[in-house]
Amino acid sequence: MKTTTIILLIFLAFTIQSNAQKYITKNGNITFYSDGPLEKIEARNKQVNSALNTETGDFVFKILMKSFVFEKALMQEHFNENYVESDKFPTAMFKGQVTNDVEFSASGTYEVNVEGDLTIHGIKQHIQEKGTFKVSENGIHGTSKFHIVLEDYDISIPGAVTGKIAEEIEITIDVTLKPMKK
Amino acid sequence: MAQDELMDAFGEDEPTTEYAYATFKTTRISLGQSVENPPSGNLIFDIQHHFGRVNGGAYEFFGLDLATLRLGLQYGITDWLAIGIGRSTLEKTYDGSVKAKILRQSTGAVSMPVSISYFGSIAINTLKIEDPAIRDNFSDRLSYVNQLLIARKFSSAISLQLSPTFIHRNLVEKTVDDNDVWALGAGGRFKLSKRISLNLEYYWVISEQTAKDYHDSFTVGFDIETGGHVFQLFFTNSQGIVEQHFIPQTTGNWLDGDIHFGFNISRAFVLSKPKEFRE
């Protein structure tokens, strides 16, 4: 009798553990893209931190600016030195929430609304964007595409290249969140 | 806030090593080498121009009638190793070079106060010898440069560099002339605005005979960034563009107005993309 109880307890503990509420990744992808009339700029960051609490809907990102890789190394240097000033503002952050109801316990694809504060270059802005969650046994795959305006984050474009660099940047987010181990 | 709690899930940031970047904006301070290398997989095409002396007056159009030009290519094999070739109009000189990063300035997990690079080059003078009495030995046309480049980025606005230099020339004009020339270079970058910096560069010739016959090279220049390019404009008392010329053979004197206006333009071509862009 005792053994069965123990086995039952272990089994129970196991199910509780697998029923995690926090999902996390440390190698999410964020790409930004701008198609100015003269210069196409693209940068990729494959070391994005992101976490989601499926119970409360809290959803956060932490992005190291120096992890953005550009095709042209000189552009990467300009980006860090003159545009986002990575030495002064090393990280970008998003603290927000999924505002609509999502059935995280059931596999499927869900449209989600995410709202919260995005901080880039030391400037905090409240944003509201749409995205998609693909929930499966392996985790939650989140994707979104939206635009930000450089001026909103006090990132200035020098006179010499005005018109060369687009003032609106397209951001693509692609994160695969895995259940967090306790 | 609940989100802050969730942020804690990322854990403490692992201690990383932050390497200094953009100690100088290009691979040259103005005339001489800086600690910077072409990025891995990048081919850089250099166009370097030194005009004639401004004290040539209106007749010489303040030096613009004359020009010394060097065309060059440099390629980053890795982020720490680069090779280069070039051809300069002065003495119809070809040059080949190697530049290697030995130490990188950093803070964090690994702390290093300075960046150190080695620069070595061979130059070949290809002028025709008109006098039939002079034997034309190929080895007589060669000269060598060895430099240690020691730099520190003190802040985002100020970087300084010391460049101990040893130059060997297989053949010199007179027997009293130095085959071996020692010099010490000093240079700095001072940012005036986000995209313009003032660059100063001085080469102190130590070897006695050369110091007696020639002047030390001194250059005042500006780096101007325009998006993907950096233009370097400068004033110098040196006509020569390669180290073998401007370090031990500068004849101009700033105080006499022997000043050359010059510029460097470089264009980078990405031959091998970073791994994030390969798929």
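Within chain B of this predicted model, the confidence is lowest in helix H1(B), where the mean pLDDT is 81, and highest in strand S4 (residues 81-88) of chain B, where the mean is 98. Taken over chain B as a whole, the mean pLDDT is 93, and 98% of the residues of the chain reach 70 or more. Where pLDDT is low, the predicted coordinates should not be read in detail. For the model, the scores are an ipTM of 0.77 and a pTM of 0.84.

The contact between the two chains involves 22 residues of chain B and 30 residues of chain A. On the side of chain B that touches chain A, helix H1 (2-7) and strand S14 (260-270) of chain B each supply at least two residues, and the largest share, four residues, comes from H1(B).

Turning to chain A, its secondary structure comes to two helices and nine strands, which follow one another along the sequence in the pattern α-β-β-β-β-α-β-β-β-β-β. Chain A has 182 residues, of which 27% count as buried. When the contacts in chain A between residues at least 6 apart in sequence are considered, 57% of them join residues at least 24 apart.

Note on methods. Residues are numbered from 1 along each chain as its sequence is written. Chains are lettered from A and ligands numbered from 1 in the order in which they are written. This is a predicted model: local features need pLDDT of at least 70, side-chain atom pairs count only at pLDDT 80 or more; totals for chains, interfaces and linings use all residues. Two residues are in contact if their C-beta atoms, placed from the backbone, lie within 7 Å. A residue is buried if 20 or more other C-beta atoms lie within 10 Å of its own, exposed if 12 or fewer, and partly exposed in between; C-beta atoms are placed from the backbone. pLDDT is the predictor's confidence in each residue, from 0 to 100.
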